[in-house]
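I kept them brief and went from one topic to the next.

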Amino acid sequence: MRQTMRIISLIIIASTCVFAGRDRQLQTLKEELTRAFKVLSKTQPAPAYFLQYELWEKRELYLNSSLGAIFYDYDNHNAYVDIDVRVGSARLDNTHEIRGDEHDYMSWIPRTLPVPVDQDPNGIKALLWIETDRAFKDAQKRYTKILAERQVKVMETDTSPDFSAAPAVKFAENIKEINIDTESWRQRLNALSMHFKPQGWIYGSSVSLRANAETRYIVNTDGSMIKESRLAYRLSIYAATMADDGMDLYLSQSYIAYSPEKLPGDAVIAAQIDTLIQRLSVLRSAPMVEPYIGPAILLNRASGVFFHEIFGHRIEGHRQKSEFEGQTFTKKVDEQILPDFISVFDDPTMKEFKNIDLNGHYLYDNEGVAAQRVVVVDRGILKNFLLSRSPIHGFPRSNGHGRREHGRRVVSRQGVLYIKSDKETSFENLRQTLIEECRKQNKTHGLIFHDISGGFTQTGRGGTQTFKVIPLFVTKIYVDGRPDEVVRGVDIVGTPLLSFSKIVMTGDDYDVFNGSCGAESGWVPVSAISPSIFVSEIEVEKKAKGQDKPPILPAPENRLNPGRQK
Amino acid sequence: MKKILLLIVLAAVGNAGDNEDHILFKALADEMNRNIDQLQIDNQPKPYYLSYRVNDIEGVEIKAVFGGLLQKNPYRQRVLYADLRVGDYDLDNSNFACQVGSSSTIDADQINLPLEDDYDAIRNAVWLVTDGTYKKALERLSRKRATLQNRPQNDRSADFSLAEPCTIVEPIAVMDIDIEYWQNAAVELSTIFRRFPKIQESGVKFVAQTNNQYFLDNERNRNRHARTIAGIEVDARTQSRDGDPLEDIIVFYACRAGDLPSLNEMKQAVAAMAETLSLLAGTTKEEEYSGPVIFAGQAAAELIFQVLGKGVSDPKAPLFENDILAQAGANKGMAHLVSRYGRKVMPDFLSAWDDPGLRTWKNTSLVGSFSVDDQGVEAQRVNIVTNGKLTGLMMSRTPSSKIKTSNGHARFRNERYARRSIGMIGNLIVESRQSVSFEDLKEHGLNLCREYGLPHIMIVSRLAPARPLSTKERYMRYFTRGGSTETTLLSAPVIAYKIDTLGNISLTRGLEFCSVTNRLLRDVAAAGDQDYVYNCIYYDEEGNNYPVSVVAPALLIDEMELVPKDPKPSHLPVFAHPYFVK
């Protein structure tokens, strides 16, 4: 399989390299890069040894409708360039962590350089010139600081170089353009958002469409010239209300597709809206859960989010290297960190799964490295990390996971995280196992987490190695055969190593979570594929809640909501 | 070029009667009535005042750099601002800076309305924001009462004043901008910099906006009013030979795009600016200067704005809940003349007044115009300085110890820890009873030089205006909890000349004013006989911006001290500009 893929990608490269050389935008970047590097690579005291321009052409079209009327409607075009200049040497350069300044926050302030959207070469070059000069001087300044710090600090634990070599890549594909009938979408969204209108107790609702077209042009002194275009449509449904005790409650559902035809039809969306309404309605009066430790099931997509937050962020390469990180897994290579029936890989080259487009798909990362399938865990054993071009001990090369939002510094990030199980069973069996485990533990009930909005995970050394994920929809499964009960007001908390050891088995119901992930290098599109998982023990605590009461007056009356509901 | 296309047409869509029928007004009124009647939490006060202000805004921003089109993004939004007050006119929840958390489901204070006139959707949003605002108002009032027990407020005048109801209904302004034309104009203007190799960076921005404001409150105010603005900003940056940063900006603003100077005129002005900046880069730094200074053109107007205009604005500071907030909120660069109310602030021959109702000054449109302010009060003419004496302040409905009632100058200001409607200038006019020609003004200055035994006089033709914060500055502000960045009363000269007693002119750079106090304008020795009409946008450090107009003659100040500016030099670029390398 791997061999085949390599051959395919070679063919792609061969057929597109001529085109890459002719692309106007790539040519503009290349000319200025060559001119700049010729000087900067000889400018003392710390000459540049690497320079990269990444130009982003972005178009974002957004339509948002609520209660049958358009609230947001825009179509913006922008272009930006990120300049990465490295001075010193690959062994030690200006990107090296400064240990004397834990926050070092100035270096994380986004640096956006807007450039012409009409591809005017004179405008682009003029901006590149002055900003490259500025970036180069800042790099020299930071490098001097790093050299000075080396004199007074102890040696880092991981003495890997700051930058790894990567092969030159030539790749160019055609620009993907947004192609929808905006007016008919406005009408469609308005008709769909009307479904919420009879529900006066829903305090916020919307149906929206976001179309993002993004073409990235990368040119660097490795000789790479890359033009990759991405076009994604995201249809989202959102509904929010408040429980009588002031707890904010919301549910949402998103569909991501690489073509508008692949988005669900009106009937499917309308049915989903009804489900959301029905679930919110139950949630509103659902009892609060008391803090609990016991067996639970995380439904497939919820499990995807769980793995992304708790596991995925801990296998990002830079977290193994930074002296400020907790390094949960750094020294555990070739050791068992997950149950032996679970394998995890991250493969951004996957474009779809079970006919669902994968939001985390890309071909080349933001450092010009081809995305690779990385087997992170093989049957429970830690094998690899997600790597950018910042090497870590024992892993000297990038595997194409250096990612960022424009304006940010690259770090290693997830793309398409795939949780694969060798101990699968049907969901019904999984549920039965949950009940049996509850009996064994003398619990009256277990929990099923159907939907998780996201979470936080502390990976830093300064804090505690804990995580918290925010479930949106949870049911209690009773041992004595009582019907399932919707509950609310819990967050899942825990420590990662312990939590993973409690996974007993999984379902066979793999599904995709598509979303956006925010971290040091900004927001990037991601996916997680997972079956439902059964854990023998999970800890939940009470969710923080708002103190405001629900609205004092009932919703204004309308034709569809004659005003009896409060 | 068809001029008609360039106009933001003020098209009447009917008579005043349609105001009543307008779906937006109807939804606002119906929901307001219901809330005033019924909104109350048990054992808590009902609102005593409620207003809704809707700004229906449509605009476009076009940017160009060095011949390339950077951005062309139209936008549209309709935002409702609710002002809900509990307590009474004497003590309510307003004028108080504190951190109040809010529900993630229900908005407070402001909310986006649908872009379409959908009665139900509008009313639903109004219902929710009124509810959220009411709860916040109750919380703010109780915390304000607690704070007042521990922190006495200097100015404990009432919190809110009564105002005459205003029922002005203006025609709705319709956005009608020839985007193609202005895109080309911006690109053409930006291309001018291809002739100036010494300029390192430059940019052109065209903006146009229509803002139809709907206002309704429970005190019989019900008005609609339209504001339009269009303008071009051109900025350029370079460095002196010794690495000091040099920057200049010129702005052209008018109420309508068609009233802007012709493209040719703007091109000439941009070329002149680029030329001067290029020359400036070649000059050496001035050591210091002490002596007479003439402020001419933009510099005179900017001086008047910074010292007089801001000095009489925002006369009452809010109460801060604690010292940290007080520190972050202090020194907004305003109100420094308030304590001199009733006293001399200028020489006898100068007077100043502000009249937002004025649309033009000698055929030039004034962008600081508005007929109704942000609290729905009809704008009034205010005599700020009468024969040298400070007789007026810019008042919103927030009374101060000096003046108790609004004069229709309220402008909404979103601050990090408070949302306030502050009194601020609109169209500020300075008039002189004694005026002399510019030549005579110069001669007057040179005579002073001879008297003081000085070799030359200084003429400042451009003062640095306030600029929006950069990304980096915004982050720094965030990390430092939002302290003010404005530290001096008067910004530094951008373009200044020396003229010696023989009439030789030379450009100077690298100086800033020192020891400027609120007494500065008393030292005006003479005024010129030509008015300069300055239309600009004032960007405050909280991220708000306000169109203002200042009309002022050239002013000669007896004696001022200028010292070297903190230079912040950086190395010159290590390689050459790509366009000028052949």
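I began with B:Asp109, which lies in the loop between β3 (96-97) and β4 of chain B. Helices (H or I, at least four residues) and strands (E, at least two) are DSSP runs, numbered from the N terminus. This is a predicted model, where local features need pLDDT of at least 70, side-chain atom pairs count only at pLDDT 80 or more, and totals for chains, interfaces and linings use all residues. Residues are numbered from 1 along each chain as its sequence is written, while chains are lettered from A and ligands numbered from 1 in the order in which they are written.

Next I looked up backbone angles. Most residues other than glycine have a negative phi, and most peptide bonds are trans. B:Asp109 has a positive phi, near 75 degrees, and counts as partly exposed, with 18 C-beta neighbours inside 10 Å. For the cut-offs, I noted that 20 or more other C-beta atoms within 10 Å make a residue buried, 12 or fewer exposed, and anything in between partly exposed, with C-beta atoms placed from the backbone. In chain A, A:Asn355 also has a positive phi, of about 65 degrees; A:Asn355 sits in the loop between β10 (352-353) and β11 (356-357) and is exposed, with 7 other C-beta atoms within 10 Å. I found a cis peptide bond from A:Gln44 to A:Pro45, with omega near 5 degrees.

Then I turned to the sheet of chain B. In what order do its strands come? I read β4-β2-β1-β5-β6-β7, an open sheet of 6 strands with antiparallel pairing (strands pair if DSSP finds at least two bridges between them). β4 (110-112) and β7 (245-254) of chain B each have a single partner strand, so one side of each is left without a neighbour in the sheet. I counted 10 bridges between β6 (residues 222-239) and β7 of chain B, and saw B:Gln239 opposite B:Pro245 in β7(B).

My last entry is on the two chains. I found 47 residues of chain B in contact with 52 residues of chain A (C-beta atoms, placed from the backbone, within 7 Å). Which element of chain B gives the most to the side that touches chain A? It is α4(B), with 8 residues.

Methods:
Two residues are in contact if their C-beta atoms, placed from the backbone, lie within 7 Å.
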